[in-house]
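Dear colleague,

Please find the structure below, handed over for your files.

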Amino acid sequence: MTKLYLLLTVFSGSALNAQEKDSATLISEVRIDAYKKPVPFMASTKSAAVVSGTLLNQNTPERLLESFNQVPGARMEERSPGSYRISVRGSTLRSPFGVRNIKVYLDDFILSDASGNTYFNIISPELIDRMEVYKGPESGDYGAVTGGTVLLQTRNTEHHSAGAAIGSYGMFSQNIDISRQLGKHFIELFQNYYRTDSYREQSSVQRKQVFLKDHFRYSEKGNLKAVLLLGDLDYETPGGLTLEQMQSNRKQARPATKTTPGAREKHAGIRNRMILAGISHEYQFTPEFSHFTMVQGSYVDFENPFITNFENRFEKNVAVRTHFNYEKNWENISLAYRLGFEGGLNDILVKNYDNNKGSEGNPQNFDRINNRSGFYFISQKLNIYDRLFTDVSLSLNSNTYEWERLFPGSQRGNVHFKNQWLPNFGLTYLITKRLSVRAKIGKGNSAPTNEEIRSSNQEFNLGLHPEYGWNKEIGIRKEFGNAVFVEGSYFDFRLNDAIVRRQNEAGQEYFVNAGGTVQKGLELLLESRNFNLRNRFLSHFRFRFSGSFYDFTFRDYRQNQNDFSGNELTGVPKTTLSSLLNFTLFKKLSMDYSHFYTSGIPLNDGNSVWSESGFIGNIQFRYPLLFEGTKVSLQLQVQNLYNEEYISGFDINAFGNRFYNPAAKRNFVFGVKVEF
């Protein structure tokens with residue numbers, strides 16, 4: 001360990017610079033956007049978290065896991081490099097991979113498709129300048145989800161940089177980001193390339209991305225925005241291991257059995273090419289009245305060589321969003337209304353073939369699914385004397401899909417889920433400028449995604465229906481002496497018809513409605529300002545601690561002859577803790593020291609198999625070199641500092657007890673970033 005710390009001292013630095021403004025600001029002083037309804041964090045009625053600056057610096061160059069897991073109530077898992085899963089307040093049940101039951105926006109645009117699926121891993125984390133996480137149902141402005149909403153924001157200020165990083169297991173990352181004001185246009189051009197061989201066999205990753213946006217303020221009242229995103233992601237999937245296989249060789253891919261070949265033999269992996277383009281327009285007719293509209297389209301070419309088949313998916317997506325806004329301010333009262341609609345169309349052609357060692361063989365099944373979803377919404381925001389804040393909304397949500405079997409044979413049909421009225425009400429009262437209390441109640445509804453309606457077993461699950469439930473919560477926010485901020489939230493969410501993942505003996509997944517769940521939890525956050533100690537050795541210091549304490553159980557859940565009622569919710573830890581200490585030494589050398597604790601996790605609905613608890617430490621050093629007009633930043637990150645054997649993403653309810661996806665042991669990343 002002594003040698004390790006000497007090594008860190010010699011090669012200290014950073015590829016990512018903390019934003020000075022963010023580093024000096026308490027979260028209570030930050031304004032959250034809440035989709036074009038800005039409000040100070042202390043006065044927000046929502047259960048929200050802001051990720052920027054200091055937290056974004058914690059990531060390795062090409063993932064958001066470290067910063068996301070600093071948010072109480074949010075959890076990002078990496079089953080294998082490139083394969084991410086996001087859950088908010090325990091929404092892991094239905095996400096074997098990818099992001100479901102969480103709505104994701106990128107600036108004015110929507111990354112989630114009409115069925116509720118999001119290709120989150122197509123986005124390079126280096127593109128993200130700020131992230132806001134809204135926990136629980138937000139049915140007014142964001143529609144029908146029960147998990148939460150994530151807003152990803154790109155840069156809105158001028159910035160010119162280029163960076164590169166190398167690391168363990170053949171990792172290489174390179175990016176260029178040019179953001180500039182050109183007359184009435186604010187242009188950003190972002191390019192990124194990333195590759196790694198990764199820790200395990202059959203787990204290499206390659207991602208290429210180009211992002212272009214233009215914000216054109218053509219008048220004092222009008223603003224036009226356009227965006228183009230090109231993503232090309234190719235990653236191998238090693239598959240889950242049994243406990244015995246993992247103990248024998250953590251690095252191996254899923255081995256062959258007497259009846260099924262292994263992941264390497266079948267060249268298992270994901271190849272995803274995506275194009276997204278959109279345009280939005282906002283116009284302020286009068287000081288009180290404005291209108292926003294957005295139109296976008298995307299195309300996805302998705303390949304998945306798997307153990308039992310080779311799947312091709314071709315997806316076409318169209319989405320629109322429009323709303324009218326009215327806001328009136330009096331001396332001590334302000335009132336705002338919003339009336340709007342958001343909708344999407346998703347057309348997907350799925351072709352499954354035999355997998356001939358990574359290439360298409362004989363055809364198995366060809367199917368088409370057309371999904372249509374949308375919601376009308378009205379919301380009201382009220383501010384009285386800058387003390388009492390209310391946020392009331394109501395949305396009417398619809399979701400239908402048509403299905404057709406093209407080969408072999410011919411079948412077709414359609415399913416229309418019952419339209420849902422989803423109310424949401426939040427209230428915050430500022431007892432003092434530095435102390436607020438809040439209460440919130442809302443209903444959420446989440447329909448099955450295309451991958452759940454027609455999952456990898458290639459059968460249409462026409463009996464699967466949406467899950468829904470009511471969430472109630474209370475919270476308190478307190479700032480102490482303009483130096484420390486504390487937030488606590490308690491929620492009680494009752495979910496009905498929960499959608500749960502199953503696996504058959506071939507490893508193919510399918511989904512069932514599993515009765516209900518009772519989800520009660522306490523979330524805590526403690527954060528300090530960046531203290532200026534005026535000391536030559538230790539000049540600045542700040543800290544952050546967060547924790548989630550959950551009591552999640554199944555309710556009225558029976559599977560064949562088994563009664564799982566009262567069992568703990570699969571895939572959800574009872575306790576997660578995280579900490580982050582930021583130091584500045586010798587007025588230049590910055591050090592970030594973070595820890596993550598996760599309690600044992602039930603890996604199947606019967607609670608017969610549990611994971612071990614995990615405790616992971618990371619450390620990084622950052623050092624700036626200043627030249628005339630140029631800033632060069634050096635970085636050294638050490639992930640899994642204590643060289644633990646841990647799992648960063650389990651396969652829950654896996655057939656044959658193949659739950660385990662071992663993560664890398666101690667590994668290093670060294671990078672350079674130039675700002676000019």
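Which residues make a nonpolar surface patch of about 530 Å²? The patch is made by Leu189, Val210, Leu212, Leu228, Leu230, Ile275 and Tyr299. Strand 15 (205-216) and strand 16 (222-236) are the elements that give two or more residues to it. Strands here are DSSP runs of E with at least two residues, helices are runs of H or I with at least four, and both are numbered from the N terminus. A patch takes residues with over 30% relative accessible area and no salt bridge; nonpolar side chains (Val, Leu, Ile, Met, Phe, Trp, Tyr) are joined within 5 Å, and like charges within 9 Å. Accessible areas come from the Shrake-Rupley method with a 1.4 Å probe, and for residues only the protein chains shown count as cover.

Please note that this is a predicted model, in which local features need pLDDT of at least 70 and side-chain atom pairs count only at pLDDT 80 or more, while totals for chains, interfaces and linings use all residues. Residues are numbered from 1 along each chain as its sequence is written, and side-chain values use heavy atoms, with hydrogens and water left out.

Leu212 has a relative accessible area of 38%, so it is partly exposed; buried means under 20%, exposed over 50%, and partly exposed in between (1.4 Å probe, protein chains only).

Salt bridges

A search of the whole structure finds 44 salt bridges, each a side-chain nitrogen of Lys or Arg within 4 Å of a carboxyl oxygen of Asp or Glu. One of them joins Lys213 to Glu188, with the closest N and O atoms 3.4 Å apart. Because Lys213 lies in strand 15 and Glu188 in strand 14 (residues 185-196), this pair ties together parts that are 25 residues apart in sequence. Lys213 is buried at 2% relative accessible area, and Glu188 is buried at 0%.

Arg338 and Asp141 form another salt bridge, their closest N and O atoms being 3.7 Å apart. Arg338 belongs to strand 20 (residues 333-355) and Asp141 to helix 4 (residues 139-142), so the pair ties together parts that are 197 residues apart in sequence. Both residues are buried, Arg338 at 3% and Asp141 at 4%.

Glu342 and Arg321 also meet in a salt bridge, at 2.5 Å from N to O. Glu342 is in strand 20 and Arg321 in strand 19 (residues 310-329), 21 residues apart. Furthermore, Glu311, Arg313, Glu315, Asp367, Arg405, Glu451 and Arg454 are joined into one network by salt bridges that share partners.

Aromatic pairs

The structure holds 28 aromatic pairs. Rings of Phe, Tyr and Trp (its six-membered ring) pair if their centres lie within 6.5 Å; planes under 30 degrees apart count as stacked, over 60 as edge-to-face and the rest as tilted. The rings of Phe650 and Tyr660 have centres 6.1 Å apart and planes at 75 degrees, so they are edge-to-face. Phe650 is buried at 6% relative accessibility, as is Tyr660 at 7%. Elsewhere, Tyr283, Phe285, Phe289 and Phe324 form one aromatic cluster.

A buried threonine

Thr517 sits in strand 29 (residues 516-528) and is buried, with a relative accessible area of 0%. A polar contact of 2.8 Å joins its side chain to that of Gln519; such a contact is a pair of N or O atoms within 3.5 Å, where within protein one must be able to donate a hydrogen and the other to accept it, and residues adjacent in sequence count only if both atoms are side-chain atoms.
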